[in-house]
Amino acid sequence: MASKTVTVGSTVGLHARPATLIADAAAEYDEEILIELVASDDDDEPADAASSLMIMALGAEHGDQVTVTSDDAAAVEKIAALIEQNLDEE
């Protein structure tokens, strides 16, 4: 399993626009991709990266760290790179 920890780059965190862009990119992969807030409680479930609602439910803000994991290393790299970007800009 591949994983990468990155810092949220979007100024509004992983909210509507960034979450939708990430979910759309994750939907292109066959393997499950999970996003987990690093500072979360052990009881918190990771979010399915293909679900914008689950991504928003993480509550990840600008500057927070999240870990992206998947059996597909290319998917991890793609989603991690998106999370690091400021996806609020058009």
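**Strands, helices and the terms behind them**

Author: The buried residues of helix H1 are covered by elements that include S2, helix H2 (52–57) and H3. The model is predicted, with local features requiring pLDDT of at least 70 and side-chain atom pairs pLDDT 80 or more, while totals for chains, interfaces and linings use all residues. Residues are numbered from 1 along each chain as its sequence is written, and side-chain values use heavy atoms, without hydrogens or water.

Reader: Why is threonine 67 called buried?

Author: Buried means under 20% relative accessible area, with exposed over 50% and partly exposed in between (1.4 Å probe, protein chains only). Threonine 67 has 19%, so it counts as buried. This residue is found in strand S4. Five of the six residues of S4 are buried, so the strand is largely enclosed by the rest of the structure.

Reader: What makes the link between the side chains of threonine 67 and threonine 5 a polar contact?

Author: A polar contact is a pair of N or O atoms within 3.5 Å; within protein, one must be able to donate a hydrogen and the other to accept it, and residues adjacent in sequence count only if both atoms are side-chain atoms. The two side chains make such a contact at 2.9 Å, so the distance meets the cut-off. Leaving aside neighbours within four places in sequence, threonine 67 is in contact (heavy atoms within 4.5 Å) with residues including Ser3, Leu34 and Val38.

Reader: How do you know that S1 and S4 pair?

Author: Two strands pair if DSSP finds at least two bridges between them. S1 (residues 2–7) and S4 have six, in the antiparallel sense, so they qualify. Lysine 4 has valine 68 in S4 as its bridge partner, and valine 6 stands opposite valine 66. S2 (residues 33–37) is joined to S4 by five bridges, also antiparallel.

Reader: Why are S1 and S3 called edge strands?

Author: The open sheet of four strands has the order S1-S4-S2-S3, with antiparallel pairing. S1 and S3 (47–48) each pair on one side only.

Reader: How do you know where the buried residues of H1 lie around the axis?

Author: They are Pro18, Ala19, Ile22, Ala23, Ala25 and Ala26. They cover an arc (of the directions from the helix axis to the C-beta atoms) of only 160 degrees, which puts them on the same side of H1.

Note on methods: Helices (H or I, at least four residues) and strands (E, at least two) are DSSP runs, numbered from the N terminus.
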